Amino acid sequence: MIELRRIVASEVDALAAFAIEGIRPELYPLHLDRAKVRAVVNAFIEPHTDRFQLAAFDGSRIVGGLAAAVMPMLWFERCEAHVLMCRATQPGAGKKLLGALKHWANQDMRIRRVIWPMECHADPRIVQLARRAGFDNTLTVCT
């Protein structure tokens with residue numbers, strides 16, 4: 001049975017490792033700074049109105065995680081939430097996490113839209129899950 005809850009300080013290393021595995025650093029010629037990943041995960045521990053974090057657990061094992069940060073929109077009024085990490089390894093976990101994110105975003109009148117940037121090598125199952133959850137508008141981003 002999947003349980004959704006916020007992570008606690010003792011789970012930071014496990015969630016950072018889970019996130020790094022999902023990033024698949026071997027696909028990119030950049031140096032992944034594991035300390036930075038851990039620091040970001042650690043920053044999401046404390047509840048904050050500008051951050052969302054939730055993890056999915058099967059017993060004590062992490063099987064999913066989602067984090068988003070709220071930022072002011074550059075050219076428009078209100079804010080947008082940016083998905084920083086969304087990964088699930090057990091069927092059903094991703095759908096539950098995205099449902100919780102959508103509920104959170106809909107309850108916050110500041111948030112005008114939720115943006116989920118994905119790498120070109122994103123897992124097709126996550127892309128399909130995102131589309132089913134309403135992330136059906138795509139943008140071209142040049143890097």
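Predicted model: local features only at pLDDT ≥ 70, side-chain atom pairs only at ≥ 80, totals over all residues.
Residues are numbered from 1 along each chain as its sequence is written, and side-chain values use heavy atoms, with hydrogens and water left out.

**Overall build**

- The chain holds four helices and five strands, where helices (H or I, at least four residues) and strands (E, at least two) are DSSP runs numbered from the N terminus.
- Read from the N terminus, these elements follow one another as β-α-α-β-β-β-α-β-α.
- The chain is as compact as a globular protein of its length, because its radius of gyration is 15 Å, close to the 15 Å that the globule rule gives for 143 residues; the radius is taken over C-alpha atoms, and the rule is 2.2 Å times the number of residues to the power 0.38.
- Taken along the principal axes, the box filled by the C-alpha atoms is roughly 40 × 35 × 30 Å.

**The sheet**

- Five strands form an open sheet in the order β1-β2-β3-β4-β5, with mixed pairing, and two strands are said to pair if DSSP finds at least two bridges between them.
- At the edges of this sheet lie β1 (2-5) and β5 (111-115), each of which pairs on one side only.
- Strands of a sheet pair through backbone hydrogen bonds, either parallel or antiparallel.
- Strands β3 and β4 run antiparallel and are joined by nine bridges, and Ala 67 stands opposite Met 85 in β4.

**Between and beside the strands**

- Leu 74 sits in the loop between β3 (61-72) and β4 (79-88), and it counts as exposed because its relative accessible area is 72%.
- Together with Trp 75 and Phe 76, Leu 74 forms a nonpolar patch on the surface, with about 460 Å² of accessible area for the three together.
- Patches are made of residues with over 30% relative accessible area and no salt bridge, like charges being joined within 9 Å and nonpolar side chains (Val, Leu, Ile, Met, Phe, Trp, Tyr) within 5 Å; accessible areas come from the Shrake-Rupley method with a 1.4 Å probe, and for residues only the protein chains shown count as cover.
- Asp 58 belongs to strand β2 (residues 51-58) and is partly exposed, because its relative accessibility is 28%.
- The C-alpha atoms of Asp 58 and Arg 78, which are 20 residues apart along the chain, are separated by 37 Å.

**Salt bridges**

- Nine salt bridges are found in a search of the whole structure, each being a side-chain nitrogen of Lys or Arg within 4 Å of a carboxyl oxygen of Asp or Glu.
- Arg 38 forms one of them with Asp 13, the closest N and O atoms being 2.4 Å apart, and this pair links distant parts of the chain, since Arg 38 is in helix α2 (residues 34-43) and Asp 13 is in helix α1 (residues 12-23), 25 residues apart.
- Salt bridges that share partners also join Glu 3, Arg 5 and Glu 11 into one network.
- Glu 11 is buried, because its relative accessibility is 15%, whereas Arg 5 is partly exposed at 26% and Glu 3 is partly exposed at 40%.

Definitions and conventions
Buried < 20%, exposed > 50% of the residue type's maximum accessible area, 1.4 Å probe, protein only.
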